[in-house]
Amino acid sequence: MLATDIPAAIAAELKVKTKQVEATITLLDEDNTVPFISRYRKEATGSLEDEQIRTIEERLGYLRNLVKRQEEILAKIEEQGKLTEELKSAIEKAQKLQELEDLYLPYKQKKRTRAQIARERGLEPLANAMLLQMQENGSPLEEAKAFIDEKKEIPTVEDALAGARDIVAETVVEDAALRKDMRSLLQRTATIVTELDAEAEEAQTFLMYENYEEPVRTLPSHRILAINRGEKKGCLKVRLNTDHEKNIERIFRKIHQRPSIYEEELHLAIEGGYKRLLFPALERDIRSELTEGAEAQAIRIFGANLRQLLLQAPLAGHVVMGLDPGYRTGCKMAIVDATGQVIDHGVLQVTKGDAEKEASAKKALALIKKHHVTLLSIGNGTASYETEQFAADLIRDNHLDIHYLITNEAGASVYSASKLAKEELPEYDVTIRGAVSIARRVQDPLAELVKIDPKAIGVGQYQHDVNQKELSQSLDATIESAVNHVGVDLNTASGELLKHIAGINATIAKNIVSYRNEHGKFQNRRQLLKVTRLGPAAFTQCAGFLRIHAAENSLDNTPVHPESYELAEKILAKLGFELSDLHDKEQLAMLAAKCKLVNEEKLAKELDAGLPTVHDILAALVRPGRDPREDLPAPLTRQAIVKLSDLKPGTIMRGTVRNITDFGAFVDIGIKTAGLIHISELSNKRVKHPLDVISVGDILNVMIISVDENRGRIGLSLKQVPKEEKVS
């Protein structure tokens, strides 16, 4: 592949036009960020989505490395004087690094192999005779006598033949076409076999893999990662199983051309090369390929789950009491106002004696009334069930017009002990900070969850088993995408949130907060240029994603980019409105009605503007300050508790999807134990992956199909819910 072939190759993979890819590559090479390109350069990219642009970025890096490696290999083979036109063409046509390395293998400098030693001893002519298969008369033993040489450590004809076989073996197994054929065969027909070491410390965890066997082609990613984990812990022995004799015969048939005196020697050489060199190498390749694919899938699932979690609808405007349950140290409590500021805190005893519970109930009731608490957020960790029971009783016994919800507290303890938490909440100890986080994350999940290492949030599978660098890069990209999709309030956003905005790094984010603290609220976006180290290039990338409520210019509270302000004002004028009308509810309603009737294509032509930009400006004008999460269903809140013993198969329950894996989805239905919808129960149609059907945060009506109190397991079904009850 040539560098000039890269855009067309990526375009074919993504099924888009080459011009779209070329434009995207140019923009990426000019250091534009993915969110900026996908949102503000739609005319150039043909409106490619964020995910498509990230794929282009990833594939561009891979293919540029491929081209660079091709050039290196061509130069090295050229230096050896062995570069033929045929080989050069094959190298230039290679589409994968694996193909490239296979072609280079015979010319690659290696440690001294048995074949190299045999060549040094002068046995290459004998090996060539074996490969040519031209001699029909005589015997290998007679031909080998000519190569006996005590000085070269070839004392017998057997030694001569053995050395020649080593050369033949290496020559045969290093053939790129043969390796490709055998790799493909093993991928189609081989199986992974595991054996359990019953004496291993964690053997019980891997009981299902005792004498387990499954075809390579059907192994799902979660089983690959489970097997890898078992092998790493010393609980499993893993091997690739195939019909070795058939494979050897397959190779022999490809190499054998005609009857000759070397037929048996050739077969022995192929057998030795297969067992000693080829199969072990292909086994490593296939295991590595399976692992890479499984890790990529696990990272993709983690990213998809994280994005849905970050984009959950906020419960804005509530005064929230956050409850971080616990047995020994009690339930930590923090009350935050509608802006997330802590206004009270303490400890409630909800798991001890009746007297202490009663005192805690009085204390909680007094605080709820004093601060006009409208929502309770209960962490789902240890003692969550008892805390939920306490909350439900408090609401029922006092006829309170408030609700509670169970909040995924994953990562709250990580945040509460972090340097950031100490800076944000210096006057509170680590336990209270956790309760604050649990309260704030229902008010604005995105703003609070970005403060936590995404790997601590707990919406992945086998996250500690995958490539940590690739996982971090993927999750960082997911957070960047989510934050820029929503946009942030420039005057209230934390530095931790701001650093995920396109064009802003941690240093610039800190400088924005410092500028805000020193000069007061930003009045317009142009003020950003006064922030230290935030120059014109960074301003171009970030400005459109930063909102200023009650700004001097109403467009500063929309996703309209400053570079398009003039166009936006022209559009308003064409429709008979002006900027000040964006502050007037009646005028805004009239503008929205008029925008629905606009012929966008005609308007774009009249203003000599791009259709995608005109479309986006119209959408932004009618809803200034819009948070895209507002269109999502609000999280489920409750007033009464449900027990595991209350559940009966056939009951329809309403729940929230908490986590998604390859084999199904875990759903919070309002009790301590999450229910599992197995992939087979998601739909009456075949489902390739749960993410094709549902997302983290989805609110579903599900049917209980099994309850196992002893094991604490609940089986759920989506496909068995009657049609009229699927959506309530």
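At 10% relative accessibility, Glu174 counts as buried, because burial here means a value under 20%. Glu174 belongs to a predicted model, in which this residue sits in the loop between helix 11 (157–173) and helix 12 (176–189).

**The surroundings of Glu174**

- Leaving aside residues up to four places away in sequence, Glu174 touches Asp102, Leu105, Pro106, Lys110 and Arg179.
- Glu174 and Tyr104 are 70 residues apart in sequence, while their C-alpha atoms are 9.0 Å apart in space.
- Tyr104 is part of helix 7 (residues 97–104), where Leu100, Asp102, Leu103 and Tyr104 are buried.

**Helix 5 and helix 6**

- Two packed helices are described by the angle between their axes and the distance between the axes.
- For helix 5 (residues 50–79) and helix 6 (residues 85–93), the angle is about 165° and the axes are 10 Å apart.
- An angle over 145 degrees counts as roughly antiparallel, so helix 5 and helix 6 are roughly antiparallel to each other.
- The crossing in which helix 5 passes helix 6 is right-handed.
- Helix 5 contributes Gln70, Ile73, Leu74 and Ile77 to the contact, and helix 6 contributes Leu87, Lys88, Ile91 and Glu92.
- Sorted by class, the residues of this contact between helix 5 and helix 6 are five nonpolar, one polar and two charged.

**Helix 11 and helix 15**

- Helix 11 and helix 15 pack with their axes 8 Å apart, at an angle of about 60°.
- That angle makes helix 11 oblique to helix 15.
- Helix 11 passes helix 15 in a crossing that is right-handed.
- On the side of helix 11, the residues that meet helix 15 are Leu161, Arg165, Asp166, Val168, Ala169, Glu170, Val172 and Val173.
- On the side of helix 15, the residues are Glu265, Leu266, Leu268, Ala269, Ile270, Gly273, Tyr274, Arg276, Leu277 and Leu278.
- The contact of helix 11 with helix 15 holds 12 nonpolar, one polar and five charged residues.

- Strands of a sheet pair through backbone hydrogen bonds, either parallel or antiparallel.
- In this open sheet, three strands stand in the order 2-1-3, and the pairing is antiparallel.
- Strand 2 (212–215) and strand 3 (236–241) are the edge strands, each of which pairs on one side only.
- With direction ignored, neighbouring strands of this sheet are turned against each other by 20° on average.
- Strand 1 (residues 191–196) and strand 2 run antiparallel and are joined by four bridges.
- Thr191 has Pro215 of strand 2 opposite to it.
- Helix 15 (residues 263–310) lies across strand 1 and strand 3, and its direction is at about 115° to strand 3.

- His561 is located in the loop between strand 10 (546–547) and helix 26 (565–575).
- His561 has 3% relative accessibility and therefore counts as buried.
- Not counting residues up to four places away in sequence, His561 touches Phe36, Tyr40, Phe539, Thr540, Ala543 and Gly544.

Key: Residues are numbered from 1 along each chain as its sequence is written. This is a predicted model: local features need pLDDT of at least 70, side-chain atom pairs count only at pLDDT 80 or more; totals for chains, interfaces and linings use all residues. Side-chain values use heavy atoms; hydrogens and water are left out. Axes are lines fitted to C-alpha atoms, for helices over the stretch in contact, and angles run from 0 to 180 degrees between N-to-C directions. Helices (H or I, at least four residues) and strands (E, at least two) are DSSP runs, numbered from the N terminus. Angles under 35 degrees count as roughly parallel, over 145 as roughly antiparallel, 65 to 115 as roughly perpendicular and the rest as oblique. A crossing is left-handed if the near helix is turned anticlockwise from the far one by less than a right angle, and right-handed if clockwise. Contact means heavy atoms within 4.5 Å. Ala, Val, Leu, Ile, Met, Phe, Trp, Tyr, Cys and Pro count as nonpolar, Asp, Glu, Lys and Arg as charged, and the others, Gly among them, as polar. Two strands pair if DSSP finds at least two bridges between them. Buried means under 20% relative accessible area, exposed over 50%, partly exposed in between (1.4 Å probe, protein chains only).
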